[in-house]
Amino acid sequence: MRKISFLFCLVCMTALNAQRDFSKTKITSEKLSDNIYALFGEGGNIGLAIGEDAAYLIDAQFGPLTEKIVAHVKTLSDKPINFVLNTHLHGDHTGGNQNLAKAGAIIIAHDNVRKRMVTADESQPEGAFPVVTFNDKMTLYLGNGKSLHAMHVNPAHTDGDTYYYFPEENVIHMGDNFFSGRYPYIDLNSGGDIDGLISNISMALAIVDDGTKIIPGHGAVSSKADLESYKSVLVTLRARVKKARDEGKSLEETQKLGLSKEWDATHGQGFINADRIIEFIYKSAD
Ligand SMILES: [Zn+2]
């Protein structure tokens, strides 16, 4: 039943996105290093890397925004967008894949992103599917001594989650493993898991330093300290929810305990409120 309603919901979301009005959306950007920018519009944050011969996009937001995204990239570089890399399968990150592929880009993602796009729902046409996939790690060489490292991480937000790390530029895009300053969405129907999420955040913290620019899937470009505080909220909340569950409380009873109350005003006002983050943890903590 849950699966049916989820599929229905995906179809709804797709229909809603098709009807959604993006005419007022503006694409803006922030320069993070000599060759890397974060782009903001609607949906997941985009990373843009300018290589010696090509531009590389990490994620692509919604299809109707592609023209504006391409136009914005042109104000930053004359290099063609030859590569699009997805952090995971959700439509607010992959909706522009098809348009960019048609314009000549190669779409790259983890195996599970393609697998789920092919089998799970009808929200994405075949032209949006990644044509190059990897199962663990992959390195792209951008020229001028710069590299881009794709790292598949534990199932957390989905089971296709990938970090994209630029060691020479000290920038990392964490996709939706990082909702900076807010509660994360954990997509349980796509393999999401709170324990994977916390372990992935720990892994990212081991890579970054105080100078690293972290592009979250949603929210502002962040620092190591921001990521540490996000982790501490999740670790504390997970322990509280698990304790209630271990004591035999139902999900509904657990949601009434006010376990997240000190963060609800700051973290729980967006897409994911207190009840939903508690549900994600209750259902996926081991
Ligand atoms: Zn997502």
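Predicted model: local features only at pLDDT ≥ 70, side-chain atom pairs only at ≥ 80, totals over all residues.
**Ground rules.** I number residues from 1 along each chain, as its sequence is written. My helices (H or I, at least four residues) and strands (E, at least two) are DSSP runs, numbered from the N terminus.

**Entry 1: the sheet.** I looked up the strand order and found an open sheet of five strands, β8-β9-β10-β11-β12, with mixed pairing. Two strands pair if DSSP finds at least two bridges between them. β8 (137-143) and β12 (213-215) are the edge strands; each has a single partner, so one side of each lacks a neighbour in the sheet. On average, neighbouring strands here are turned by 15 degrees against each other, direction ignored. Axes are lines fitted to C-alpha atoms, for helices over the stretch in contact, and angles run from 0 to 180 degrees between N-to-C directions.

**Entry 2: pairings, strand by strand.** I followed the bridges across the sheet.
- β9 (residues 146-152) runs antiparallel to β10 and is joined to it by four bridges; His152 has Thr162 of β10 as its bridge partner.
- β10 and β11 are also antiparallel, with three bridges, and Tyr164 stands opposite His173 in β11.
- β11 (residues 171-173) and β12 run parallel, with three bridges; Ile172 is partnered by Ile214.

I also checked the hairpin of β10 and β11: four residues lie between the strands, and Asn170 takes a positive phi near 55 degrees.

**Entry 3: burial of β10.** Five of the five residues of β10 (residues 162-166) are buried. Buried means 20 or more other C-beta atoms within 10 Å of a residue's own, exposed 12 or fewer, and partly exposed in between, with C-beta atoms placed from the backbone. Thr162, Tyr164 and Phe166 point one way, Tyr163 and Tyr165 the other. In a regular strand the side chains alternate between the two faces of the sheet.

**Entry 4: α7 against α10.** I took helix α7 (residues 224-246) and helix α10 (residues 274-284), which pack at about 65 degrees with axes 9 Å apart. From α7, Leu237, Arg238, Val241 and Arg245 make the contact, and from α10, Ile277, Ile278, Ile281 and Tyr282. Contact means that the C-beta atoms of two residues, placed from the backbone, lie within 7 Å. The buried residues of α10 are Ile277, Ile278, Phe280, Ile281 and Tyr282. They pack against α6 (194-207), α7 and α8 (251-255).

**Entry 5: the sides of α2.** In α2 (residues 66-76) I found Thr66, Ile69, His72 and Val73 buried. These residues span an arc of only 130 degrees around the axis, which puts them on the same side of α2; the arc is that of the directions from the helix axis to the C-beta atoms. Ala71 and Thr75 are exposed on the face turned away from the buried side. Among the elements covering the buried residues are β1 (28-31), β5 (81-85) and α4 (97-102).

**Entry 6: Gly127.** I located Gly127 in the loop between α5 (111-119) and β7 (132-134). Gly127 is partly exposed, with 13 other C-beta atoms within 10 Å. Apart from neighbours within four places in sequence, Gly127 is in contact with Gln98, Ala101 and Lys102. From Gly127 to Ser250 I noted 123 residues in sequence and 44 Å in space, C-alpha to C-alpha.
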